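Here is a short report for a first look at this structure. Please keep the sequence and the 3D view at hand while reading.

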Amino acid sequence: MKRSRRHRGAVLTGYLFLAPSLAILTAIGFYPVVRTLLLSLYDATFLNAPSRFVGLGNYAKLLDDVWFHLAYRNTWLFTAVSVALETAIGLSFAVLLDKRLPGRKWVRASVLIPWAIPTVVSASMWQWLFNADFGFINYALERLHLISSYPNWLGDRASAMWAVIIADVWKTTPFMALILLAGMQTISEDIYEAAAIDGATSLQRFRLITLPLLLPTLVTALLLRTLDAFRVFDLIYVLTGGGPANATEVLSSYAYKTTFSSAQVGYGAAMAAVMAVSVLILARVLQYVQRRAYGRIEGG
Amino acid sequence: MTLNRQIKALGLGLAAALVVFLNIGPLLWQGITSLKLDRDLNTLPPILPREVTFDHYANVFHSVFVRFIANSAIVAFSVTAISLLLGSMAAYAIARLPIKGKSLWLGLFLATSMFPQIAIIAPLYAMIRKIGLYNTHAGLVLSYMLFCLPLCVWLLYGFFKDLPAGLEEAAAVDGCGPVRTFWQIALPLAMPGLVTAGLLVFIASWNEFLIALTLTNKVSTQTIPVGIALFPQMFYVPWGDVSAASVVVTLPLVALVLLFENKLAKGLTGGAVKG
């Protein structure tokens with residue numbers, strides 16, 4: 001009898017402990033998402049003004065909106081190229097940090113710095129570095145005789161996206177590197193020693209031991225970074241504002257402008273919905289790949 | 001053989017130096033820029049300032065920027081305290097208390113962290129205006145729970161899960177109810193987790209931009225990222241001042257990184273690596 005009263009007390013406490021967090025997330029997370037989906041079916045202009053139900057009209061409009069198509073393509077391009085570069089560079093950082101280095105603690109701390117800097121600050125830093133006339137990058141490239149005139153990297157349609165990608169890679173590679181490093185450090189030293197006795201070269205050890213055993217961690221890191229890159233906003237908003245001529249406009253920035261600058265709230269909601277569904281599908285696919293990667297390790 | 005080893009060590013050292021340079025180079029350049037006179041900003045070379053000036057720092061500290069820093073500090077500290085309290089309660093309930101649907105609750109917390117913020121921002125803006133929290137610190141603190149609560153719950157769930165199995169039983173024998181067990185026994189034991197979660201939440205709210213941009217439009221409540229983003233809307237960009245401001249807001253973060261390097265690295269990677 002006494003035990004069951006105690007049990008009831010613990011159950012009650014459990015739900016009471018959970019309630020405030022769930023209530024807050026329902027109010028500021030779940031409810032707004034549902035509201036956005038509903039708004040996408042209306043020609044809403046301001047959120048409190050009356051609006052007309054247009055069904056899938058906003059979605060039909062998206063099909064003909066060339067700027068939306070461009071933003072959609074840009075988002076995928078940005079995501080694919082940034083994440084690929086971050087993975088490659090992050091992996092090489094991790095391999096290096098896994099070795100016995102002089103001052104390894106300091107090297108690792110330096111890797112955390114780009115991660116800790118506010119994205120807005122890093123965007124304004126790169127704006128200055130890429131500055132056409134007085135930027136360090138043009139100066140350095142000229143001194144190395146790689147360019148003869150000073151290009152305007154951020155102002156040119158052909159190069160702006162690449163400049164944005166470089167700034168993103170700088171900021172987010174550390175995250176990749178640290179996750180991969182943590183993954184590498186869970187691999188037992190014994191396996192490497194056994195392989196060394198069998199005469200495996202260090203390249204063979206990397207290809208045949210490190211990479212396969214690191215695969216699940218790699219896929220997880222890829223999942224987290226891909227979802228993040230797909231939602232990029234701060235960097236684009238500050239570094240290029242989506243320009244020049246929409247060359248770096250992505251889904252988040254285009255939907256934001258449509259909602260808050262042009263006050264086409266319903267139309268912006270439809271964009272946000274398309275984006276949310278894309279993120280969901282992307283997450284599903286990557287989670288499937290992730291399970292396969294874990295399955296391969298555990299299945300032997 | 002030894003020569004070979006020396007060459008290898010040299011190569012490693014050079015590679016490490018390159019990594020450090022790539023990671024802190026841009027920040028270093030910002031620091032150098034912040035010490036240059038305005039007229040020296042329009043020429044390169046020289047790389048180093050001909051004459052060191054602290055004018056840009058004086059400008060920053062005699063401007064509205066001080067207000068931005070205060071706003072960011074108020075918001076980030078409040079968010080950290082509240083999300084640690086509520087998040088640890090929820091995480092403890094899911095990890096240790098006999099409630100139903102544990103994986104469902106955990107899944108819900110994960111789901112909110114996957115929403116693109118753009119999909120919630122317009123209704124959130126309307127709601128915050130309606131309840132009178134537009135242009136208030138409280139409005140930002142409430143909204144930041146969106147990404148801080150899931151982060152705290154996920155991190156602390158792991159810590160509570162790893163506490164010894166008989167903890168609650170033993171506490172009950174001593175006459176501790178569930179609330180006291182949580183507050184006086186489990187929470188102190190999860191202190192390393194609280195520090196890590198607190199650091200990650202603090203940095204995330206110090207750096208947040210999209211929500212702050214949308215929910216504030218007055219200097220009295222705008223945070224640092226909004227302040228920096230709106231700098232270049234003037235006719236010319238005061239690069240010296242921008243650089244000084246960047247250095248000022250980044251230094252506390254660099255200090256945190258140097259002090260808690262290990263904890264941050266563990267917290268960042270904790271969820272992603274199956275040990």
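## A covered helix in chain A

In H11(A), the buried residues are A:Leu251, A:Ser252, A:Ser253, A:Tyr254, A:Ala255, A:Tyr256, A:Thr258 and A:Thr259. The model is predicted. Helix H11 of chain A spans residues 251-261. This helix is mostly covered, with eight of its 11 residues buried.

## Where chain A meets chain B

The two chains touch. Chain A brings 83 residues to the contact, and chain B brings 75 residues. On the side of chain A that touches chain B, helix H1 (residues 2-39) of chain A gives the most: 21 residues.

Which classes of residue make up that side of chain A? There are 58 nonpolar residues, 18 polar and seven charged.

## Two domains in chain B

Chain B is assigned two domains: domain 1 (2-53) and domain 2 (63-270). Taken over C-alpha atoms, the centres of domain 1 and domain 2 of chain B are separated by 34 Å.

These domains of chain B also touch each other. Domain 1 of chain B puts eight residues into the contact, and domain 2 of chain B puts in seven residues. On the domain 1 side of chain B, facing domain 2, two residues are nonpolar, four are polar and two are charged.

Notes:
Residues numbered from 1 in each chain as written. Chains lettered and ligands numbered in written order. Predicted model: local features only at pLDDT ≥ 70, side-chain atom pairs only at ≥ 80, totals over all residues. Contact = placed C-beta atoms within 7 Å. Helix = DSSP H or I, 4+ residues; strand = E, 2+ residues; numbered from the N terminus. Nonpolar A, V, L, I, M, F, W, Y, C, P; charged D, E, K, R; others polar. Domains from an automatic or database assignment. Buried ≥ 20, exposed ≤ 12 C-beta atoms within 10 Å, placed from the backbone.
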